[in-house]
Amino acid sequence: MTEPVTRPPLALGLAEIQAAREVLRGVAVETPMERSRWLSALCGGPVHLKCENLQRTGSFKARGAYYRMARLTEAERANGVVAASAGNHAQGVALAGQLLGIHATVFMPEGAPIPKERATRGYGADVVFEGRYIEDALVGARRFAEETGAVLIHPFDHADIMAGQGTCGLEVAEQAPEARTVLVPTGGGGLIAGVAIALKALRPDVHLVGVQAEGAAAYPTSLEQGAPVALTSMRTMADGIAVGMPGELTFAAVRDLVDEVVTVSEDSMSRALVALVERTKTIVEPAGAAAVAALLDHPDRWRTPLVAVLSGGNIDPLLLGKVIRHGMAAAGRYHAMRVNIPDVPGGLAGLLLEVSDAGANVIEVVHERTSPTLHVGEVEVLLQLETRGQDHSERLLTRLRERGYRVTG
């Protein structure tokens with residue numbers, strides 16, 4: 001009678017993560033844990049931010065990449081390494097290569113953020129673009145490894161990578177020993193898997209929450225199906241967690257140790273990013289804001305004291321501007337409206353005076369004189385306004401309608 005095939009347990013525990021910490025001393029930064037008064041008031045108890053955006057290379061990825069590469073043999077180092085990344089893992093691999101004297105080649109998906117590409121090249125790595133998604137770049141990296149003998153440094157699905165990322169969990173346990181809930185941005189799962197293995201060994205009572213972008217959320221379906229399932233498409237600005245399929249190792253750790261996985265929208269991440277800039281003077285990338293986005297969506301859902309991990313801070317300044325505008329619009333602080341006014345001298349001035357008296361700031365004005373919806377003798381004015389929030393916008397709309405203006409938007 002054939003014995004049933006069983007999967008061996010993951011050969012990674014607290015001891016391996018503690019060993020990784022010793023290797024990383026003097027290389028990785030012990031990032032600060034900052035108390036957020038704003039989020040604490042919102043959630044009704046202490047909330048702390050674990051600032052991995054202040055890690056070397058601007059994200060937690062430097063931890064796992066260095067530890068993985070530090071454990072290569074001399075023969076493996078001689079052949080160089082290859083990686084696939086949208087940017088953060090790329091920089092971690094490139095920095096590790098620079099520090100360890102190992103040549104690195106990184107495959108990036110087309111459209112990877114320019115600052116991340118430049119930083120990767122700045123650390124001495126070669127960059128090759130391939131495909132639209134990280135999975136496409138990973139195919140290229142595997143092909144390169146087969147052709148050249150370079151060692152593939154997987155962005156998340158390797159025990160050494162998970163051990164390196166798990167050192168963040170050791171720091172969380174020490175810096176916030178009273179924490180009852182920890183939220184972690186989640187893509188392929190390397191960070192949350194490592195953090196989960198460390199934290200659940202030290203604090204099995206801690207409630208662990210993975211946070212994924214709605215447009216790239218592979219874990220909910222995979223957990224439901226009981227195995228990694230690939231997404232058919234992805235669309236999110238959070239390139240740091242845009243991974244279409246969990247890894248085998250990371251999936252097993254998340255399945256066994258993570259208490260729940262939630263998703264957040266693009267609007268929520270935008271609002272979280274803007275709030276972090278305004279309230280904490282902290283710059284993060286969209287993926288790095290995912291845990292805070294979950295708190296904004298569900299301020300009463302989890303027990304405090306609570307830790308939200310800010311996983312990365314590498315954001316293109318152009319994207320930062322777009323996200324800030326989007327976040328302000330999502331929070332009701334940017335408002336676009338169309339107003340029909342009489343096409344007479346002083347008509348526009350009268351409208352703008354009403355807007356000014358209501359305390360709104362005009363950003364842009366556009367006239368439209370030819371439209372089938374306009375009455376004879378009318379002009380449509382498109383206004384882009386800055387307001388103090390959704391309530392202020394509603395009061396402005398009410399005021400204009402009470403003055404007889406026909407308003408849409």
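This note reviews the salt bridges of the structure shown above.

1. The model is predicted, so local features need pLDDT of at least 70 and side-chain atom pairs count only at pLDDT 80 or more, while totals for chains, interfaces and linings use all residues. Residues are numbered from 1 along each chain as its sequence is written, and side-chain values use heavy atoms, with hydrogens and water left out.

2. A salt bridge is defined here as a side-chain nitrogen of Lys or Arg within 4 Å of a carboxyl oxygen of Asp or Glu. By this rule there are 21 salt bridges.

3. One of them links Asp239 and Lys116, at 2.7 Å from N to O. Asp239 lies in the loop between α10 (219–225) and α11 (248–257) and Lys116 in helix α6 (residues 114–122), so the pair ties together parts that are 123 residues apart in sequence. Helices here are DSSP runs (H or I, at least four residues), numbered from the N terminus. Asp239 is buried at 18% relative accessible area, and Lys116 is buried at 2%. Buried means under 20% relative accessible area, exposed over 50%, and partly exposed in between (1.4 Å probe, protein chains only).

4. Glu30 and Arg21 also form a salt bridge, at 3.6 Å from N to O. Glu30 is partly exposed, with 47% relative accessibility, whereas Arg21 is buried, with 14%.

5. Asp256 pairs with Arg255 in a salt bridge whose closest N and O atoms are 2.8 Å apart. Asp256 is exposed at 52% relative accessibility, and Arg255 is partly exposed at 38%. Elsewhere, salt bridges that share partners join Lys50, Glu52, Arg63 and Glu171 into one network.

Note on methods. Helices (H or I, at least four residues) and strands (E, at least two) are DSSP runs, numbered from the N terminus.
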